[in-house]
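Here is a short report on one structure. Look at the sequence and the 3D view first, then read on.

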Amino acid sequence: MPAPYQTHIGSWTRKSTFFWAAVGATVGLANLWQFPYLAGQHGGGWFILLYLACLLLVTLPLMVTESAMGRHARHGIVLAMDGYIRSARCSRWWMFAGRLSIIAAFLVLSYTAVFGSIALAYVFFGALGVFNNAGEAEATAVLADLVSDTRDYRMFMAWHLFFIVLVIWVSIQGVVKGLERVFRSLVPASLLLLLGLFALAGWHGRLEGAVGAILQFRPEDVGLGSLKAALFHAFFTLGLGMGVWSIFGAYTPVGVKLKRSVLAVVLMDTLIAILAGVLIFATATTDGSFDGAHGFSLLFVSLPVALAPLPGSQFIIAAAFLLVVLIVWTTSLALLEPVVGWFQEWTGSPRGWSAFIMGALVCFAGLGTLLSFNIWADAQLAGGTIFRWLELVTGGLLIPLVAILIALFTGWRLTRSMSFSILGNTPWLFGRIWFWVMRLVLPVVVAVIGISYTLFSLDNLCGGGDQSKWCRQINPVVAAPAEVPPANSTRSEGEQVSESAPSAPAEEGARPARHDDGPGNDPAPEKGPKRDDILYHSV
């Protein structure tokens, strides 16, 4: 077999590895805890078509661009940008596109690993029968005891360390012996496990209503809010703006048809989202309705409660959360890779030390999110915990800004010949559509996404009780909620788990996708998104 094309930081040895690695990076928690809710609320099959259209027309060009930049330069996003800036004799300020993407990947990974640790703990909880005959109150108490207990938060830290060690261990093995082997084994294993759970749901007769709720075309539920929800989900679910696609493109061996591979990844991500949506709807609901449950409440409360009465529920719950762990594990590996690759190229450090140092820093940074759910819950800045501000900065500022900078750089600062040289051989029509989307459409659309994300996040912080001047200025921009009594969530021991917040009006369904304020929240009974939900993306 011919020797693979070697970069300074590594290379895949098989052509199909890019596909499996990219699928592992794009299929995240949003496919499980957000997509089924959005499809159920926004017209079922019509939402899926809108989502697919947003993927193909808006986010696909950016995915192709990031991948092609890495493949053409054979470096991660930072050194790739450096080379293109030197070739085009552009301002060094454009380097911020690469540097900010590494910061975004690092921060997103820091709290993604916290979610992975919760899922990892739930695998053992399910296998040990913790959820046997559990109702909503018992399941909520289990989540609160793990995440929000200020007296036993060290156990939560232990699960977090356990998950981080799994990620670091694979990364230390290298690009081929570690990442390539794991992506080529874990991603297909995840799909098989998903299909197995899907067949089990069909065996118990739960699929019929779920298929109708997710796939049935309901035009009466479709509106402008549906398009906005599809666009936000399409942008944030694919790991854009964090250097993942560039590093995977740099690892791609010669001969891989990159654009076809990216298209295949988009279609596979959509197919998995549909399957996961039907599965979650079938298994996590008992009356054919989410009743506003999504995010943490859907995955860590509704799901184990709905599975608890089934025969062999211990093994079924353990298998369901094993699927979640595999999904978050592959996502975390993808997020860590651009950070490790950048550190290797910047310092010349060996792979093992680079993975260990960056992984340890991610673990340390993740403590900010972890502790903001318990002992640091009251340590707030302008109404927001560390976790909420990290999510606001990454989703509202860093990721959109990186995407805009890359679009402007390739569309306006590089010569047209250089841009098409980076893109590679492509059909004439696709090349023209790609060029003008990157030049005109993408910067405007992503700017709208980033601004909307930030406004709603800041409005959530204001809803948390902060009455500072900037909160009063933000509120008129975002539609004010109807006056309803706040819903307080308390633990059985009387300790408060989450702050109270009023629910959102029905017309606020046009806002970006959100999940509950944090682990341990007791889901409110009202339908529709809640005011205390946090925007969430990328995992």
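## A salt-bridge network

Asp82, Arg86 and Arg92 are linked in a network of salt bridges. A salt bridge here is a side-chain nitrogen of Lys or Arg within 4 Å of a carboxyl oxygen of Asp or Glu. The model is predicted: local features need pLDDT of at least 70, side-chain atom pairs count only at pLDDT 80 or more, and totals for chains, interfaces and linings use all residues. Residues are numbered from 1 along each chain as its sequence is written, and side-chain values use heavy atoms, leaving out hydrogens and water.

Asp82 pairs with Arg86, with the closest N and O atoms 2.9 Å apart. Both sit in helix α5 (residues 77-88), 4 residues apart, about one turn of the helix. Helices are DSSP runs of H or I, at least four residues, numbered from the N terminus. Asp82 also meets Arg92 in a salt bridge (2.6 Å, N to O). Arg92 lies in the loop between α5 and α6 (96-127), so this pair ties together parts that are 10 residues apart in sequence.

## Buried and exposed partners

Asp82 is buried at 13% relative accessibility. Buried means under 20% relative accessible area, exposed over 50%, partly exposed in between (1.4 Å probe, protein chains only). Arg86 is exposed at 57%. Arg92 is partly exposed at 39%.

## Another pair

A search of the whole structure finds 5 salt bridges. One of them joins Arg151 and Asp149, with the closest N and O atoms 3.3 Å apart. Arg151 is exposed at 54%. Asp149 is buried at 9%.

Methods: Helix = DSSP H or I, 4+ residues; strand = E, 2+ residues; numbered from the N terminus.
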